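The sequence and the structure are shown first.

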Amino acid sequence: MKNLQIIKTAIADRAIDLISTDVFDTLVLRTTRPELLRFWQLADAVCDRLPQNISPAVSQTDIFCARVLAARAAYRNSKRVQGCDEATVETIHRLQLSALGLPEKLAGLFLDAEIAYEIDDLKPNYSVISLLKEARSAGIKIIYASDMYLPATIIDRLLRSVGADLPFDGRYSSADTGLSKRAGPLFDHIAREQAVAPSKCLHIGDSKAGDYDRPRARGWQALHWPRELTWRLVHSARSAAFKTSLYAQHLAH
Amino acid sequence: MRTSPIHLLGPLFDRFCSDLHAHLGAYADRSARALFMARGGLRLRLLYEAHLNRRDLAPAVPYEDFYVSRVAVAKAALLDDFDYVAPLIIKEFPYQQLGSVLQALISGWGAETPGGAVGAAMTRGDFDRPATVATLKEALFADTAEGDQLRDFFAEQSRLLAEVIRELRGAEQADHLVVVDTGWSGGTQAMLQRRFPEITWRGLYFGRYNYGGPWLPHFRDMVGIVCEDGFTPRNPATSFFLYRHVVESACEMPAQSVFGYERTAAGAVQPTGGMICEDVVRPGPDDTIFGPVFAYVSAATTPVSVGDIARSSNHAAWRLMRALMFPSPADVNQLSIPPRSADFGKDISYPAHRTPASGRSPATAMRNVSLSLWPEGQIALEMPWLRLPLQVLFVLVRPHARRIRQALSTASRAADRIRRLRLAAANRLGYRRRQVT
């Protein structure tokens, strides 16, 4: 509530010309499922969509392990842009299919399964949506900025599907630009492209480093908007529990 | 039944190959080549080929053998990047005379004195002074016949290495070169990055580690595929850092290290000492570590699916961690390795373990443990009956070793000071008593 009031005052005082929002866990909210569990469930969804007679035969475990491996390989060996190491979903799926020994033409099936799963996992954050609507009607530019392997076209699709679509003035994903919030250069890129002075830009998001420290270091205004404590506790507990189950199956170390 | 530790290495090397394939796949959308760095990398290449063959996969990017070493790149980069390379060279030759260092760089450690003006100067004793960055600079950039000869030699090494790399980049002159090796701190890669900045250098290693030192800037361009940045019990694969020599030893082969480059009569460039025959790369009958690893990776019965490979390697990692933290004497014998050679072309070797002499004192046993490349293993050899509690104690103490050493040093200094104060007080007291009497 305090955050909301601060932003409303800034809008009323015209202290800002642009509001940038993080997407995942800010504009749209995830369930408490941790990332590894999402990959595991996504692997099950992909398994269901694969043709019965696919060769070589792959299991949910294979798809899950290939996904974890592909994500690590894609990020650690990415093309570096202004010091940022970002990956795209295309690369991740290409590496995942290669690890599974499956043809690249199945990338579309993997992507469709991923989008369907994401839609199921997300819900709109009405506080942020109404705030952005208010800012837009006050003549302030609104954009989103996400450190995500999904490109803005797919993020738009997700937002539309969950009812969080807004008339954004800019859509920025690290997958498109190769620049990230966590390293910082994405904020410079946004301010330059939107032709707004950094001091007149406000960014909100749930990550202390990527959504608060980095923009402030680059002259932006920023508000840290973390998920509520109960969500974080449940999320951590589920993450620990799922990791334990992976240890038990020798699928993690 | 407990699997012998030697048979736990196979699944971990197989996982390395599987992950290496995925990591190399990330470069398939770029003009890239993988370079397996001699010598250890050649055996990793052999394993990678066996792994691809077993899983019926095609290589992710074109690859080559890269005959290179830290000393070969240091020689090639010395003139162009003196301020970075010279301290690295000097650090490798502590307490040596400049003449010995130059001789080692030009002809090889312990080899004959080189000919020409440099040889004459060595015979005269012109280089009989401590080897430091300053004395090396003085000798290298001197306006003398010896200086000319030294500069010509290092400039030629630089040209030859550039030619080797041009050839390795292939017809398309790949702009990404991905070096593959066992590990650890990527010193060779760092020098290559500085010497050839027009190329994007990346490194994929079995492990990445700065020997307990700080994170290095070029670590960003290195991936330790199996383990990175020191041992943590939460990640059992990092237990390799307790005894990383077992990885190096597995990939070591009876072949000369690359010491530099030379031009053949036909005009081609080759490593000094020649290329390594494929029969030497393959495991021989004496390869007690690499033999079982290669057999596992190439066996048709080894899992082929990525899930099963992960499961086998994670299972093996947990058991290997137990064997490396709490080894029995039998484990130590199984994982014993030949004496390790010193790096940088030096003809020095260091035993991994010392065979305990009968009737040794506890102090000798403790010294053997502290000098061992695998202290947990040496504890098992020195004190087999007490090994488990001592190994547990060692595991608890190891993370705090630096602080304990500092505390002991401080305590020792404090005790020394108290002793001196007491002595001074006693002396003063004695002086007063003498005055009174």
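How many bridges join strand β4 of chain B to β5(B)? There are five, and the two strands, β4 being residues 200-208, run parallel. The model is a predicted one.

**The sheet**

β4(B) and β5(B) belong to an open sheet of five strands in chain B, ordered β2-β1-β3-β4-β5 with parallel pairing. At the edges lie β2 (63-66) and β5 (222-228) of chain B, each of which pairs on one side only. On average, neighbouring strands of this sheet are turned by 25° against each other, direction ignored. Helix α2 of chain B, residues 40-55, packs on the sheet and touches β1 (32-37), β2 and β3 (176-181) of that chain. The direction of α2(B) makes about 120° with that of β1(B).

**Helix α6**

Helix α6 of chain B spans residues 116-124, and its buried residues include B:Val118, B:Gly119, B:Ala121 and B:Met122. These residues lie on the same side of α6(B), because the arc they cover around the axis is only 160°. In general, an α-helix has 3.6 residues a turn, so residues three or four places apart point the same way. The exposed residues B:Gly116, B:Thr123 and B:Arg124 are on the face of α6(B) turned away from its buried side. Among the elements covering the buried residues of α6(B) are α5 (98-106) and α8 (145-168) of chain B. After α6(B) comes B:Gly125, with a positive phi near 85°.

**Helix pairs**

Two packed helices are described by the angle between their axes and the distance between the axes.

| Helix pair | Angle | Distance between axes |
|---|---|---|
| α4(B) and α9(B) | about 160° | 11 Å |
| α5(B) and α8(B) | about 40° | 11 Å |

Helix α4(B) covers residues 82-92 and helix α9(B) residues 187-195. Are α4(B) and α9(B) roughly parallel or roughly antiparallel to each other? Angles over 145 degrees count as roughly antiparallel, and α4(B) and α9(B) are therefore roughly antiparallel. α4(B) passes α9(B) in a left-handed crossing. In this contact, B:Tyr84, B:Val85 and B:Leu88 of α4(B) meet B:Ala190, B:Met191 and B:Arg194 of α9(B).

The crossing of α5(B) and α8(B) is left-handed. Here B:Leu102, B:Leu105 and B:Ile106 of α5(B) meet B:Leu150, B:Phe153 and B:Phe154 of α8(B).

Key:
Residues numbered from 1 in each chain as written. Chains lettered and ligands numbered in written order. Predicted model: local features only at pLDDT ≥ 70, side-chain atom pairs only at ≥ 80, totals over all residues. Heavy atoms only, no water. Pairing = 2+ DSSP bridges. Helix = DSSP H or I, 4+ residues; strand = E, 2+ residues; numbered from the N terminus. Axes fitted to C-alpha atoms, helices over the stretch in contact; angles between N-to-C directions. Contact = heavy atoms within 4.5 Å. Buried < 20%, exposed > 50% of the residue type's maximum accessible area, 1.4 Å probe, protein only. Arc of directions from axis to C-beta. Parallel < 35°, antiparallel > 145°, perpendicular 65-115°, else oblique. Left-handed = near helix turned anticlockwise from the far one by under 90°.
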